[in-house]
Amino acid sequence: MDIGDGVACLEFHSKMNALDDDIINMVVKSADIVSRDFLGMVISNHGENFSVGANIALVLFAAQEEEWDDLEWMIKTSRTAS
């Protein structure tokens, strides 16, 4: 969303605002759009907590399923998105 003065706003909502692959993908795609069309971006939400961090249930599930490539992608992408 364009909030004026060349600034975009990215707002996300999840349980406790935990970060999962969908939110990480949204941040990466938004960064691409912002780098082309805006001067900056504000990341926001109206939750009690801005974010509790990684979705631990998702991490646990991926580990139990031995989805090591998915876990590595989540870690790498969340580091470059922050």
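Analyst: Terms first: helices (H or I, at least four residues) and strands (E, at least two) are DSSP runs, numbered from the N terminus. This is a predicted model, where local features need pLDDT of at least 70, side-chain atom pairs count only at pLDDT 80 or more, and totals for chains, interfaces and linings use all residues. Residues are numbered from 1 along each chain as its sequence is written, and side-chain values use heavy atoms, with hydrogens and water left out.

User: How do strand 1 and strand 2 run, and how many bridges join them?
Analyst: They run antiparallel, with 2 bridges joining them. Two strands count as paired if DSSP finds at least two bridges between them. G4 has V7 in strand 2 as its bridge partner. Together strand 1 and strand 2 make a hairpin with 2 residues between them, and D5 is in the turn.

User: What about strand 2 and strand 4, which sense is that pairing?
Analyst: Parallel, over 5 bridges, with strand 4 covering residues 40-44. E11 stands opposite S44 there.

User: Switching topic: how many aromatic pairs?
Analyst: The count is 1 aromatic pair. The rings are F12 and F50, with centres 5.7 Å apart and planes at 75°, so the pair is edge-to-face. The rule is that rings of Phe, Tyr and Trp (its six-membered ring) pair if their centres lie within 6.5 Å; planes under 30 degrees apart are stacked, over 60 edge-to-face, and the rest tilted.

User: Which parts does that pair tie together?
Analyst: F12 is in the loop between strand 2 and strand 3 (18-19), while F50 is in the loop between strand 4 and strand 5 (53-54), so the pair ties together parts that are 38 residues apart in sequence. F12 is buried, with a relative accessible area of 4%, whereas F50 is partly exposed at 47%.

User: How many salt bridges?
Analyst: The count is 1 salt bridge. R36 and D37 meet in it through their side chains (3.9 Å, N to O). A salt bridge here means a side-chain nitrogen of Lys or Arg within 4 Å of a carboxyl oxygen of Asp or Glu. R36 and D37 are both exposed.

User: Last one: what does A62 contact, apart from neighbours within four places in sequence?
Analyst: A62 is in contact with E67, L71 and M74, where contact means heavy atoms within 4.5 Å. A62 is in helix 2 and counts as buried, at 6% relative accessibility.

Conventions. Buried < 20%, exposed > 50% of the residue type's maximum accessible area, 1.4 Å probe, protein only.
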